[in-house]
Amino acid sequence: MNGRILELVGGPLRAMRRAIFWWSLGLAALIAMTIAVWPAFKGSSGISQAMDQLPSGVVQAFGLADFGTPAGFLRGNLYDFFVPLLLAAAAVLFVNGQTAGEEASGRMELYLAQPISREAVLLGRVVAAVIALVVVTVVMLLAQLASDAAFDLQINIRFVLSTIVLSGLLAAFHGSLAVAVAGIRGRPSLVLAIGLGAAFAGLIANSLFPLSAVIAPWRHLSPWDWAFGGNPLENATGLWRYAALAVPTIVLTAVGVFAVARRDISGA
Amino acid sequence: MNTADTVVAIDGLVKHYGKVEAVRGIDLKVARGEVFGFLGPNGSGKSTTIRCLLGLLRPTAGRINAFGLDATRDGVEMRRRLTYVPGELRLPDRLTGMELATSFGHLRGGFDPTRRDQLAERLRLDLHRRLRDLSTGNRRKVALLLAFLFDAELIVLDEPTNGLDPLMQREFLAMVREARAAGATVFLSSHSLSEVQRAADRVAILRAGKLVAQGTVAELRGRARQRIEVWFEEDPPTAELQALPGMVDPVVDDHRFTATLSGSIQPLLSLLAHCHVGSMLVEEPDLEEAFLDLYDGGPA
């Protein structure tokens, strides 16, 4: 560990500090404001019955089952897609800003003209983006736990922790997809289109495919299914689900690092 | 030139961007301790060649190395021994000049704060201001400071004086001469003939991705054309003027004489010494015009 390695990570982190602050604040506020209305839903059988009137496919697709229970409330309002999708977007934006965005603006050139390998520069930025994602995820977790206590939402902390960790890993997966694309081709529009497009496509596959018996089995191709298919707010999550997200994340990052050293760097 | 004396060696360099042939086969060598001028109009392939040298671009064909190290394979080791000012300068806007210099100090090692402060004072640069608040010229000074801040055997400068005022351009040229005196080799890319001829020992001229001339500054200046305009306070000696060697398209219009001069200006000055001359203008033509006779058959 030396000043060079610290700079390769610290420089991008300094550049991301405002984004980290606003993403943390925004997601924490979203969680706190949502849970603040929990007391109105708590134990309300009327809402659950109203939801039960909807077609079962719609209830499943939008995570509206058991809306009057703590797990059902959190799933339907936050963790079925809202928070994981925002967190995935944050990861893709963090990566894009520090890789393809920097390259397309021409700011990467002066750094890559220093005695550092492109692999090291990209890895430094990946580590910085991971740290940013961890900070946002930890702030989210703290906001969740504090709001649970403040508004008397009683739920197994281990299940909350595992849901948020899975959300973070799902975001890391999409961030690593952005790393791979940025490594292969440093164009921000392409990185954003593929990174965010994959997040939306996975969400749709996970939520809507089950509505049709023909395509329902294909939902298992979605990383969203790997993350949340076991309903982590109500059940213990098998280790394989963490691995199913972590392993491709590492592979995609390696693809990006391998590719970036073997292509032209675009100029300003 | 012995291999040991060669710092930069470019051998058959070709670089295509899709169907665009940016560099179409360049061969050149830069000797240790010389200031090498790399001249050419915008779009002639100067920056592409330099970006290949730095390992930012992968050549389509040919080899490019510095200190005997291949730019693609041994890029890290090669870049340890050189510094660079990009032509299209983009700096991290949120940092101050001080923060950027410190950051590069950590990345490169061998950082000397005293030298940083001396360079900042010499360039009249406030390192405490954020880079986004600096003018184009001051941002260019930050890049120059970074290039001269570290002990480099090779300093690669791509259009380094863009945006600098004349005073700073002079200071920059002094810094280049001092670096050379200290043993550094300077690769100076420019579209400004005057800048290169004041600083360089040898020059290569690039046009449309090909080298059209190489030689010492004196050799190339001898072949360059200059536009001459003389106002006489008497009738001009038309016949003698038209008979001067190297005079192209001489025109006498009342007391005004214009022509393009190829070669030495000395015969003209000797003739004018015997005349009443009101004023005289020797205009350096743009590069393309100046070296028109070096291009095979004119524009490619």
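1. Helix α10(A), with 28 residues, reaches 40 Å from its first C-alpha to its last, close to the 40 Å expected at 1.5 Å a residue, where the expected span is 1.5 Å times one less than the number of residues. Helices here are DSSP runs (H or I, at least four residues), numbered from the N terminus.

2. This is a predicted model, in which local features need pLDDT of at least 70 and side-chain atom pairs count only at pLDDT 80 or more, whereas totals for chains, interfaces and linings use all residues. Residues are numbered from 1 along each chain as its sequence is written, and chains are lettered from A in the order in which they are written.

3. Of the 28 residues of α10(A), 21 are buried, so this helix is largely enclosed by the rest of the structure; buried means that 20 or more other C-beta atoms, placed from the backbone, lie within 10 Å of the residue's own.

4. The axes of α10 (residues 157-184) and α13 (residues 239-260) of chain A come within 7 Å and cross at roughly 20°, the axes being lines fitted to C-alpha atoms over the stretch in contact, with angles from 0 to 180 degrees between N-to-C directions. The two helices α10(A) and α13(A) are therefore roughly parallel (under 35 degrees).

5. Between the chains, 20 residues of chain B are in contact with 21 residues of chain A (C-beta atoms, placed from the backbone, within 7 Å). On the side of chain B that touches chain A, α3(B) gives the most, with 5 residues.

Terms used: Two residues are in contact if their C-beta atoms, placed from the backbone, lie within 7 Å. Angles under 35 degrees count as roughly parallel, over 145 as roughly antiparallel, 65 to 115 as roughly perpendicular and the rest as oblique. A residue is buried if 20 or more other C-beta atoms lie within 10 Å of its own, exposed if 12 or fewer, and partly exposed in between; C-beta atoms are placed from the backbone.
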